Amino acid sequence: MSTRVGGRRLTPYLLVGPGVAWLGVFFLVPLWNLFVMSLSTKRSRYDFDPAFRWDWSNYGDVFGTYGTQLGRSFLFAGVATLACLVIGYPMAYWVAVHGGRFRAALIGLVIVPFFTSFLLRTISWTVLLADDGVIVRASRASGVLALLRAFGWINGDRLLDTPVAVVGGLTYNFLPFMVLPLYVSLEKIDIRLLDACGDLYASGWSAFRRVVLPLSLPGVFAGSLLTFIPATGDFVNAYFLGGTSSRMIGNVVQDRFLVQLDQPGAAAISFLLMLVITAAVLVYARVLGTEEMTS
Amino acid sequence: MTGSWGRRLVGCAAIGGFVLLFAPIAVIVVFSFNDPVGRYNLVWQRFTLDNWLHPFERDELTSAVLFSLRIAAGASVVAGVLGTLVALALVRHRFRGGSLVDLLLVLPLTTPEIVMGSSLALLFLDLGVERGPLTILLAHSMFCLSFVALTVKARLRGLDWTLEDAAMDLGASPWRTFRTVTFPMVVPGVVAAMLLSFSLSMDDVIITFFVSGEGDSTFPKYVYGSFQRELAPQVHVLSTAMLVGSLGLLALSVVWQRRRSTVRPGRA
């Protein structure tokens, strides 16, 4: 890197300034507004300037009224993240290790879905999961439906409007966010390490467990966050694929804020959601021991 | 190496994953050729080219797409410029607060959209700014900025910056160095990041819900509403067309990058 003369010390700040100001005004300041609003009270439905009065009752209401939806959101997002990991890991591994010349093109395929509407893709799942469709008929014949019923995840003889469909939709929609970071970490692994494992008589499985998996943990960490966080706040999948019994916290916030016009209540839920997610991320980082890998 | 059985298993699982990823896209493409009965294009009837011959039949849909294209263009330009400047500062300079800036860039990615959307709506409410095209543009440019800054930063890290010094040593003026060395090195990464921003903005629904006015119909908002109104096959046609269009653009940019990479920057 070239040496910089004294007069240029301002340069980085000039470069960074506009972008930081942008994020400050449109990201940080709104979060503060959200916090203030979550402690305010509205005098009436059409009171557009709620009074701030350290009104913690909004938070109490969240747990009382929407505890179920909050818990469900974390459960759905957690299962979807796990499913993304199980489906995404082989994809990323296969492309990174066996992709050869076509690696870049193959991993590029993962982002192709981004070029079609996220909503329309989700709506398309209603076609794929239709009651007389191939997937439902196959799962009925193979006993998968009966199994899901036994676990209590579905009630009737269909997949649409069930938690299974919502978790499936979340898994599908956030899969690329899991595959890409996994690929980035797997791609960096020197393939000769695997040869070395073989030379030292390690079985394929133990080579994977002792060498590949630990080296790919940063990818697992980043991928899980990029999947879990948006999945928790999502309301689109629950809207299109779930019934009334699989509403998530995102549906609640949307309804509270935009339909009921209960901004303080919605703000309390949003703020709480963010706090819980932040706590979950910190715990997860501690468990994986990858605190320095957040950036 | 994994044994041949394990290897085959991983291969099958990977192919399964890719099939899953593309199944709904196949549905979209196939249903763009459907001749639906009733208001919803969700059950296959029979093949027709009609929808493709009249892609702009639904005025509301067409104007929603045009509106989204304009917003996406604006947002990706704003995010492209601001994000690239931030990335340049972070890669080319060491300065106090740099790691804080890094953190600030990551935060929007680790915040649920529902939180950003509702908080932005409150900001605009507090400021008395009426929600409309401008607020949508501002919100989109905010989350795109993070993506641009992070992806461009990753690209810039891999570039060989000594080329700049070499140009200067050979007597090039700072401006000429920028024009002939720095700019061409930086541009492919910026273009890629802006394309990503464009598609992120084009596709955003959750934040848009909170920061748009009643009458502002973006493409995703239209599709969301169509589930209660009417899901015309034209939605599938335009989506397919946009997919083909962006894949075409992507292919073009790859070819363009290959061609101009006569000065191959080394990898870090």
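Where is the place of Leu261(A) in chain A? I found Leu261(A) in the loop between α11 (249-259) and α12 (263-288) of chain A. Helices here are DSSP runs of H or I with at least four residues, numbered from the N terminus.

I noted that the model is predicted, that local features need pLDDT of at least 70, that side-chain atom pairs count only at pLDDT 80 or more, and that totals for chains, interfaces and linings use all residues. Residues are numbered from 1 along each chain as its sequence is written, and chains are lettered from A and ligands numbered from 1 in the order in which they are written.

I looked up phi of Leu261(A): it is near 55°, a positive value in a residue other than glycine. Leu261(A) has 15 other C-beta atoms within 10 Å, so it is partly exposed (20 or more would be buried, 12 or fewer exposed, partly exposed in between, with C-beta atoms placed from the backbone).

I then turned to Asp161(A), in the loop between α6 (144-151) and α7 (163-187) of chain A. Its phi is near 60°, also positive in a residue other than glycine. Asp161(A) counts as buried because it has 21 C-beta neighbours inside 10 Å.

Next I checked the contact between the chains. I read 74 residues from chain A and 71 residues from chain B, where contact means C-beta atoms, placed from the backbone, within 7 Å. Helix α1 (residues 11-38) of chain A gives the most to chain A's side, with 18 residues.

Last, I listed contacts of Val148(B), leaving aside neighbours within four places in sequence; among them are Ala79(B), Gly80(B) and Met194(B).

Methods
Contact = placed C-beta atoms within 7 Å. Helix = DSSP H or I, 4+ residues; strand = E, 2+ residues; numbered from the N terminus.
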